[in-house]
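Open the model in your viewer and keep the selection tool ready.

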Amino acid sequence: MTQIELKNHPVWQDLTEVIENLDANSLVREHLELCDYKICGYWDEEDKYYEEIILPRSLSAELVSNSIGVTNKKRWIQIKFVLKANNLLAQKLGELTIIYDENLQFLDENWQINIEFV
């Protein structure tokens, strides 16, 4: 049986290069602009429903993680951001995860919002 070691495989270098060349902050800014800084139909952790949440336009986004997913027929990239208010305290408003297909076409989003600070 052949043992494969992925740690030195060129795929890691290729994936790292792709991630490093993504302008992640532009992606999140574009996403926020496309949704007009609004989240519609949000359920919080206590199952309270919010028809619409309007986010401050002075948000900053910090990339916290990214991952690549692969199935037999699909490939995607998942990028996770921390959203912060641009104020003296730089309060963490929440997190945004955006999922794109292999052509960087939007697939899905996931929001975790701290309602107290919005």
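Partly exposed means a relative accessible area between the buried limit, under 20%, and the exposed limit, over 50%. Keep those cut-offs in mind. Note too that this is a predicted model.

**Stop 1**

Select Leu6. Look in the segment before helix H1 (10-21) to find Leu6.

**Stop 2**

Next, select Cys35 and Cys40. How many disulfides does the model have? The count is zero. Cys35 is in no disulfide, and the nearest cysteine sulfur, in Cys40, lies 8.1 Å away. A disulfide needs two cysteine sulfur atoms within 2.5 Å. The sulfur of Cys40 is therefore too far from that of Cys35 for a bond. Compare their surroundings. Cys35 is partly exposed, because its relative accessible area is 21%. Cys40 has a relative accessible area of 58%, so Cys40 is exposed.

**Stop 2: the largest pocket**

Rolling a probe the size of a water molecule over the atoms shows where empty space is left. Which residues line the largest pocket? Select Tyr42, Asp44, Glu45, Glu46, Leu93, Gly94, Gln112, Ile113, Asn114, Ile115 and Glu116 to show the lining. The largest pocket has a volume of about 220 Å³. Finish by colouring strand E5 (92-101) and strand E6 (106-113). Each strand supplies at least two residues of the lining.

Notes: Residues are numbered from 1 along each chain as its sequence is written. This is a predicted model: local features need pLDDT of at least 70, side-chain atom pairs count only at pLDDT 80 or more; totals for chains, interfaces and linings use all residues. Side-chain values use heavy atoms; hydrogens and water are left out. Helices (H or I, at least four residues) and strands (E, at least two) are DSSP runs, numbered from the N terminus. Buried means under 20% relative accessible area, exposed over 50%, partly exposed in between (1.4 Å probe, protein chains only). On a 1 Å grid over the protein atoms alone, a cavity is a set of points where a 1.4 Å probe fits but cannot get out, and a pocket is an open set with protein on both sides within 12 Å along at least five of seven lines; lining residues have an atom within 4 Å of a point. Grid points are joined across faces, edges and corners, and a volume is the space filled by probe spheres set on the points.
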